[in-house]
Amino acid sequence: MDYYDLSAAVFADKIGVQRSSISHLLSGRNKPSLDFIMKITSVFKEVELYWLIDGKGTFPKNSLSTLPSSTPTFGSSKIDEGKKIQRIVVFYSDGTFDEYLK
């Protein structure tokens, strides 16, 4: 809210939540739900999901960093020859996913 210079009321209106929800979060009474976090990242595209959840990554989001640095990527670790891939799940930024089974 500070970065965008928004009041709590305007921020709540922009992401489509009750103004009291923002008040409860700011006072520490409640913690944000996943739905609440997803609303923020869908409205404010420069807010990185991992940064918002656990402080990893950057704010505002830069186009080069979309995964936390501790997340392994293909080719970055040795493959155990005794293990076989059973399924791959791809998660999209809108909260949906696709699952591919062998």
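1. Where is Pro60 found? Look in the loop between H4 and E1. (Helices, H or I runs of at least four residues, and strands, E runs of at least two, come from DSSP and are numbered from the N terminus.) The peptide bond that runs from Phe59 to Pro60 is cis, with omega near -5 degrees.

2. A word on what you're looking at: this is a predicted model, where local features need pLDDT of at least 70 and side-chain atom pairs count only at pLDDT 80 or more, while totals for chains, interfaces and linings use all residues. Residues are numbered from 1 along each chain as its sequence is written, and side-chain values use heavy atoms, with hydrogens and water left out.

3. Asp5 is not a glycine, yet its phi is positive, at about 55 degrees.

4. Next, H1 (residues 8-15) and H2 (residues 19-27): their axes come within 8 Å and cross at roughly 120 degrees. Axes here are lines fitted to C-alpha atoms, for helices over the stretch in contact, and angles run from 0 to 180 degrees between N-to-C directions. H1 and H2 are therefore oblique to each other (under 35 degrees counts as roughly parallel, over 145 as roughly antiparallel, 65 to 115 as roughly perpendicular, and the rest as oblique).

5. Who touches whom here? From H1, Ala8, Ala9, Phe11, Ala12, Asp13 and Ile15 meet Arg19, Ile22 and Leu26 of H2, contact being heavy atoms within 4.5 Å. By class, that contact has seven nonpolar, no polar and two charged residues. (Ala, Val, Leu, Ile, Met, Phe, Trp, Tyr, Cys and Pro count as nonpolar, Asp, Glu, Lys and Arg as charged, and the others, Gly among them, as polar.)

6. H1 also packs with H3, at an angle of about 85 degrees and with the axes 9 Å apart. That makes H1 roughly perpendicular to H3. Phe11, Lys14 and Ile15 in H1 meet Phe36, Lys39, Ile40 and Val43 in H3. The class count for this contact is five nonpolar, no polar and two charged residues.

7. Finally, the lining of the largest pocket. H3 (34-43), H4 (49-54) and E1 (87-91) each supply at least two residues of this lining, and H3 gives the most, with four. By class, the lining has twelve nonpolar, six polar and four charged residues.
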